[in-house]
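Reader: Please take one part of this model, the charged side chains and their pairing, and look at it closely. I would like a single connected account, with the cut-offs stated, that goes on to some neighbouring topics.

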Amino acid sequence: MSLRRLGNVRGAAGPPSPPGRRARPPAPGAGRLSGAAREELRRRLLGLIEGHRVVIFSKTYCPHSTRVKELFSSLGVDCNILELDQVDEGASVQEALSEITSQRTVPSVFVNRVHVGGCDHTFQAHQSGLLQQLLQQDPAYDYDLIVIGGGSGGLSCAQEAAVLGRKVMVLDFVVPSPRGTAWGLGGTCVNVGCIPKKLMHQAALLGQALTDSRKFGWEYSQQVRHSWATMTEAIQSHIGSLSWSHRLALREKAVTYVNSYGEFVEHHKVKATNEKGQEALYTAAKFVIATGERPRYLGIPGDREYCVTSDDLFSLPYCPGETLVVGASYVALECAGFLAGLGLEVTVMVRSVLLRGFDQEMAEKVGASMQQLGVRFLRKFVPVEVQQLERGLPGRLKVVAKSTEGTETIEGIYNTVLLAIGRDSCTKKLGLEKIGVNVSEKTGKIPVNDEEQTSVPYVYAVGDVLEGKPQLTPVAVQAGKLLARRLFGGRSEKCDYVNVPTVVFTPLEYGCCGYSEEKAGEVYQAENLNVYHTLFWPLEWTVAGRDNNTCYAKIICNKLDNDRVIGFHVLGPNAGEITQGFAAAMKCGLTKQLLDDTIGIHPTCGEVFTTLEITKASGLDITQKGC
């Protein structure tokens with residue numbers, strides 16, 4: 001590859017730059033730019049990056065810029081150089097570049113629209129072979145990246161890739177549930193997951209606050225009622241605004257969004273089919289699978305015809321009435337919890353254990369706290385048939401269930417049956433087998449390496465479709481963003497899937513980070529662990545007259561590693577807010593001594609972790625008699 005040896009930009013001062021074709025700067029301007037001018041400058045810069053194979057933003061006197069220019073010269077690569085100290089609006093260009101790349105210094109190097117970075121990152125990319133790979137990329141594809149799936153992980157990856165100067169498309173299509181429910185851009189979390197779930201959880205907490213308020217002096221004679229329609233209308237309005245904001249964000253970053261179902265037809269090519277059955281073909285250098293999961297059905301008579309799932313519940317146009325929740329997952333218990341909190345009769349049918357995969361002591365305490373609120377549990381039963389007795393909104397259903405431990409059969413009458421027995425990955429109809437992407441036969445999930453790369457080198461995956469990774473929105477967002485930076489930004493940081501905090505938003509929240517007690521025993525052996533625990537009584541509960549021995553805190557420490565905290569668990573109000581802070585501390589190597597050295601904020605629930613003294617091994621009483 002030849003290097004065109006051209007002279008300096010006219011008026012240049014200082015030592016001459018290495019030979020190279022000088023990039024034409026954006027339109028001249030001086031002083032601080034207005035919003036419109038700044039946007040125009042940004043557009044011109046992106047056009048410059050988009051239109052050239054190699055662009056180096058440099059300064060003639062910068063030794064690091066000189067090293068980078070000499071590197072490309074030695075490689076015989078034809079590059080375009082813009083010397084920021086030689087143009088009137090150099091400072092404005094550098095400011096705009098920092099907004100695009102988050103890098104404030106020069107040199108700033110782009111190769112085939114990928115922001116490689118500064119001097120160190122460019123040389124690291126050269127040593128690792130990434131630079132050569134970027135230089136050799138085939139520009140013949142329609143897009144640099146096509147993301148299949150418009151949920152949290154997919155959108156994070158797509159937008160970050162676009163910020164790094166890549167041409168990106170997002171294909172997203174929601175197949176309606178058996179009840180006909182569909183939604184817009186944003187995936188499960190925004191539309192039928194975290195967001196509406198937390199808002200309905202809040203609605204239930206407000207009901208409990210009304211009950212508590214009388215003890216705090218609030219007097220009201222009017223009967224207080226809850227309106228399901230008012231709640232769902234407000235929540236769906238908020239969700240609609242979030243979905244629109246996602247579309248707007250894609251538009252602002254020049255990401256092409258197509259509301260079509262993506263399916264591979266051959267290597268580097270997908271077929272996109274919209275709701276009218278119209279098809280289009282697109283090609284890309286790289287693909288990211290971020291299709292997530294959908295609720296599983298039982299496969300029994302009447303389940304698809306008469307039951308609902310979390311796909312349907314949050315936009316249900318009528319109050320569900322007396323509800324049977326089938327399942328013991330966090331989705332099942334969260335939904336059962338807020339429905340009960342809204343004043344509905346709720347029964348949970350459990351096949352085996354509560355919250356499989358979570359700490360089982362905590363899971364049982366969650367169940368016990370829900371029973372105190374009136375939730376009924378049917379243990380060791382599974383439905384075998386659902387019959388419709390009456391049509392209506394909600395109507396009446398008969399559920400026939402069989403014991404998992406014998407031949408006993410029971411029947412129950414409910415207005416609504418909510419299935420929350422697990423979720424299946426959306427990987428079966430993507431055409432992955434046509435290009436050789438390995439998919440687990442057992443789980444339907446996609447195995448990847450530590451860089452989210454599948455068995456096909458140009459295909460990656462993030463989010464809930466991954467085999468053996470936490471199925472949480474913030475995990476998908478982080479993984480998607482870091483993946484884009486590795487693919488197109490010359491970065492090397494990988495997603496850390498260890499010590500990921502999470503919360504189950506049952507009426508009494510359960511937050512955790514790190515190992516369950518069972519898993520810690522398997523990994524480190526029980527004799528090497530110190531488990532500190534206590535029950536506690538939130539101050540807010542005292543005047544309200546709520547139970548003083550329901551909330552619970554526990555940490556699991558590794559004796560062989562300076563009593564490092566390897567498991568954190570809390571059952572109590574606002575457990576999510578508490579857990580988030582301690583998760584950061586665990587990332588920093590939190591130990592029991594550091595907790596002891598920390599002064600608590602009084603009176604809070606979180607302070608209990610700074611005063612833990614009793615270990616399980618001691619057998620001492622942990623019941624509380626005061627705040």
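**Charged pairs and their surroundings**

Author: Arg546 and Asp212 form a salt bridge, with 3.1 Å between the closest N and O atoms. Arg546 sits in the loop between helix H17 (539-544) and strand S25 (551-558), and Asp212 in helix H8 (residues 194-213), so this pair ties together parts that are 334 residues apart in sequence. A salt bridge here is a side-chain nitrogen of Lys or Arg within 4 Å of a carboxyl oxygen of Asp or Glu. Helices (H or I, at least four residues) and strands (E, at least two) are DSSP runs, numbered from the N terminus.

The model is predicted: local features need pLDDT of at least 70 and side-chain atom pairs count only at pLDDT 80 or more, while totals for chains, interfaces and linings use all residues. Residues are numbered from 1 along each chain as its sequence is written, and side-chain values use heavy atoms, leaving out hydrogens and water.

Of the two partners, Asp212 is buried at 12% relative accessibility, whereas Arg546 is partly exposed at 24%. Buried means under 20% relative accessible area, exposed over 50%, and partly exposed in between (1.4 Å probe, protein chains only).

Across the whole structure the search finds 23 salt bridges. One of them joins the side chains of Glu160 and Arg485 (2.8 Å, N to O). This pair also links distant parts of the chain, with Glu160 in helix H6 (residues 152-163) and Arg485 in helix H15 (residues 473-488), 325 residues apart. Glu160 is buried, with a relative accessibility of 15%; Arg485, at 29%, is partly exposed.

Another salt bridge is formed by the side chains of Lys554 and Glu517 (2.8 Å, N to O). Lys554 belongs to strand S25 and Glu517 to helix H16 (residues 517-524), and the two are 37 residues apart. Lys554 has a relative accessible area of 0% and is buried, while Glu517 is partly exposed at 23%. Through salt bridges that share partners, Glu517 and Lys554 belong to one network with Asp359, Glu361 and Lys616.

Asp312, in helix H11 (residues 310-313), is a contrasting case. Asp312 is buried but has no salt bridge, and the nearest side chain of opposite charge is Arg179, 5.8 Å away. For this count Lys and Arg are positive and Asp and Glu negative; His and the chain ends are not counted.

The last topic is nonpolar surface. Phe216, Trp218 and Val543 make a nonpolar surface patch of about 360 Å². Patches are made of residues with over 30% relative accessible area and no salt bridge; like charges are joined within 9 Å, and nonpolar side chains (Val, Leu, Ile, Met, Phe, Trp, Tyr) within 5 Å. Accessible areas come from the Shrake-Rupley method with a 1.4 Å probe, and for residues only the protein chains shown count as cover. Trp218 lies in the loop between H8 and helix H9 (228-252), and at 61% relative accessibility Trp218 counts as exposed. H8 is also the helix that holds Asp212.
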